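Please look over the sequence and the 3D structure below.

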Amino acid sequence: IPKFLTNHTIYYSWEGNPVNISCEVISNPPATMLWRRERFTISEGTPHMQIYGTEGKSVLEVTPMSDRDFGRYNCTARNNIGVRYQEFILAQADVPSNPHSVRLSAVSQRLATVTFMKPDSHGGVPISYYLVQYKELGSIDWRDVKSHSVQTTVVLTGLEPNTTYEVRVAAVNGKGQGEFSHMETFQTLPIREPSPPAVHGQRGMGKAYRLGLVKQDDGGMPIVEYIVKYKTDKEEQWMTKLVPGANDFAMLQPLQWNTRYEVEITARNVKGLSEPTFYQFFMPQKPDITGKNTIKVNIVLQFTFLFHMAAEGFLEVLKVLLDFFMWNAVIFLSW
């Protein structure tokens, strides 16, 4: 007697969307397979239906066009030993229910993160993505952001500072878009002074030191400039260097050998100055230039470093070149 191997007996679809209902059996001798809908046998000429079969397997493709195409379908497997039946249900899919527990986090002047819980019902077919809509309070124009796949976290960008927004979320599956969640409101932060920059440093060429600047929170407006003040630990007077906000480093020079330096860095936007970041570094003793190997390595390193100096501008490079040639004059004369 034929034995059915199919466990999947409930299928979901919607009007105009084809779905394949698969019926598999194992039998010896092989079974013939028929599909029935109510009391009628489904044949090749049945509207909106196609049958594809191989030995032991029959697939009924149904393209439902109205409510009457949904319901129960019967697969009959028969050989000369006996007959078996298996019933399948084609159910009408629905749109998902609404997501819930919408929350706002990491709200800044320009960004906000929306998180939510997935719907209780996906409508019978998988959710394709989530649609997040947001608008300014009092506006009628919603802006759309789609989730990446079915992630339940979406980041809103390009927001206006110190502004109240409304946000809502809906789930979308193959059937369509479900209802929106409960609407939530949030307010972006006002523009403020930037956070102190992060700083890291490394030895430069000769009597120079390269100070790396890592922008932190800009307070909602671009960094206009960095104000870099530096002095030796034995001096009272600070030297000041202004660095464009788009730069990611400052070159301090000329410096003294065998000396410790103190640095104070602040970032400025249109609102004002950040709190300062403090940094210290030590310039080593004047290098020994008597060995030829040391000379060659020193020259290669210095020429390489000149290329990195280009961002500091022509005058800065000129200063370093002058220092370079004065420092190595004896080398070129001896060679």
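What follows covers strand pairing first, then a pocket.

This is a predicted model, where local features need pLDDT of at least 70, side-chain atom pairs count only at pLDDT 80 or more, and totals for chains, interfaces and linings use all residues. Residues are numbered from 1 along each chain as its sequence is written, and side-chain values use heavy atoms, with hydrogens and water left out.

**Pairing around strand 3**

- Strands are DSSP runs (E, at least two residues), numbered from the N terminus.
- Two strands pair if DSSP finds at least two bridges between them.
- Strand 3 (residues 19-26) pairs antiparallel with strand 1 (residues 3-4) over two bridges.
- Phenylalanine 4 has valine 25 in strand 3 as its bridge partner.
- Strand 3 also runs antiparallel to strand 7 (residues 57-62), joined by six bridges.
- Here glutamate 24 stands opposite lysine 57 of strand 7.

**The 10-11-14 sheet**

- Three strands form an open sheet in the order 10-11-14, with antiparallel pairing.
- Strand 10 (100-105) and strand 14 (153-156) are the edges, each pairing on one side only.
- From one strand to the next, the twist averages 20° (axes are lines fitted to C-alpha atoms; angles run from 0 to 180 degrees between N-to-C directions).
- Four bridges link strand 10 to strand 11 (residues 112-117).
- Histidine 100 has methionine 117 in strand 11 as its bridge partner.

**The second largest pocket**

- A pocket is an open set of points on a 1 Å grid over the protein atoms alone, where a 1.4 Å probe fits, with protein on both sides within 12 Å along at least five of seven lines.
- The second largest pocket has a volume of about 220 Å³, the space filled by probe spheres set on the points.
- Its lining has 13 residues, with Arg37, Thr46, Met49, Arg68 and Asp69 closest to the centre; lining residues have an atom within 4 Å of a point.
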